[in-house]
Amino acid sequence: MSIWWSLHLRREAASVPLARRFLLGTMESAGVDPDISFDLSLALSEACANAVEHGGEQRGADDRVTPGDCDPWDAWDSWSEQSGTASGQYWVTAYLDGEKCRIEVADSGPGFPARRVLRTAEQPHAHQPPAHHPQQLPPLSAEDGRGLCLIEQLADHVHFANRPGRGAVVSFDKVLKWREGALLMVS
């Protein structure tokens with residue numbers, strides 16, 4: 001058995017804990033180890049917070065989304081908020097299947113800076129930074145800017161991508177551990 005779900009959320013602060021609770025509830029019901037659930041829910045919260053804060057500057061009120069403008073990735077773009085813009089929304093998709101959970105958060109903002117897109121963290125162990133890319137943390141005096149680095153530390157694999165003219169996507173996955181008697185446990 002596997003579980004797949006997708007949320008189409010408004011870029012509002014209240015959507016972040018909603019997505020986190022949805023993921024935690026799914027993982028609890030499936031029988032995922034609480035430590036793994038916590039790591040993934042924290043990484044999801046960071047990705048959602050970035051989408052809320054940065055994910056909508058690209059489009060203006062005159063840039064209405066119509067179904068003909070959508071590619072397969074943007075199947076949900078036909079839904080739009082009262083302003084009629086896609087910049088007020090973002091998407092979260094989670095897949096729990098066998099031994100892995102994969103989460104994707106997509107927005108319609110300006111995308112990641114070029115230096116971030118070129119980084120793909122392939123971490124065999126979440127506590128080890130990628131050997132080929134030194135960790136680039138913001139200055140200690142900075143009030144923000146650590147979320148993407150935190151996602152890299154909490155997940156096993158992370159990929160940052162830009163969808164040209166459509167926004168950014170962060171996707172990450174983690175190998176799952178199961179509680180005894182879990183519904184989705186690999187046999």
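User: Why are the side chains of Lys174 and Asp39 said to meet in a salt bridge?

Analyst: In this predicted model, the N to O distance between Lys174 and Asp39 is 3.7 Å. A salt bridge requires a side-chain nitrogen of Lys or Arg within 4 Å of a carboxyl oxygen of Asp or Glu, so the pair qualifies. Lys174 belongs to strand E6 and Asp39 to helix H2 (residues 34-54), and the pair links distant parts of the chain, 135 residues apart. Helices (H or I, at least four residues) and strands (E, at least two) are DSSP runs, numbered from the N terminus.

The model being predicted, local features need pLDDT of at least 70 and side-chain atom pairs count only at pLDDT 80 or more, while totals for chains, interfaces and linings use all residues. Residues are numbered from 1 along each chain as its sequence is written, and side-chain values use heavy atoms, with hydrogens and water left out.

User: Is Lys174 buried or exposed, and how do you know?

Analyst: Lys174 has a relative accessibility of 6%. Buried means under 20% relative accessible area, exposed over 50%, and partly exposed in between (1.4 Å probe, protein chains only), so Lys174 counts as buried.

User: How many salt bridges does the structure hold, and what does the pair of Arg179 and Glu28 tie together?

Analyst: There are four salt bridges. In one of them, Arg179 and Glu28 meet at 3.5 Å, N to O. Arg179 lies in the segment after strand E6 (167-175) and Glu28 in helix H1 (residues 15-30), so this pair ties together parts that are 151 residues apart in sequence. Arg179, at 29% relative accessibility, is partly exposed, and Glu28 is likewise partly exposed, at 48%.

User: What makes Arg102 and Glu104 a salt bridge, and which residues does their network join?

Analyst: The closest N and O atoms of Arg102 and Glu104 are 3.4 Å apart, which is within the limit, so the pair is a salt bridge. Arg102 is partly exposed, with a relative accessible area of 27%, whereas Glu104 is buried, at 13%. Salt bridges with shared partners join Arg102, Glu104 and Asp173 into one network.

User: Why is strand E3 called largely enclosed, and which strands does E3 pair with?

Analyst: Six of the eight residues of E3 (residues 100-107) are buried, so the rest of the structure largely encloses this strand. Two strands pair if DSSP finds at least two bridges between them. Strand E2 (residues 89-97) and E3 meet that condition with eight bridges, in the antiparallel sense; Cys101 in E3 is the bridge partner of Leu96. E3 and E6 also pair in the antiparallel sense, over seven bridges, with Ser171 in E6 as the bridge partner of Glu104. In the hairpin of E2 and E3, two residues stand between the strands, and Gly98 takes a positive phi near 65°.

User: How many disulfides are there, and how accessible are Cys101 and Cys149?

Analyst: A disulfide is a pair of cysteine sulfur atoms within 2.5 Å, and the structure holds zero of them. Cys101 is buried at 0% relative accessible area, and Cys149 is buried at 3%.

User: How are H2 and helix H4 oriented, and how do you know?

Analyst: H2 and H4 (residues 147-154) pack at an angle of about 155°, with their axes 9 Å apart. Angles under 35 degrees count as roughly parallel, over 145 as roughly antiparallel, 65 to 115 as roughly perpendicular and the rest as oblique. H2 is therefore roughly antiparallel to H4.

How values were computed:
Axes fitted to C-alpha atoms, helices over the stretch in contact; angles between N-to-C directions.
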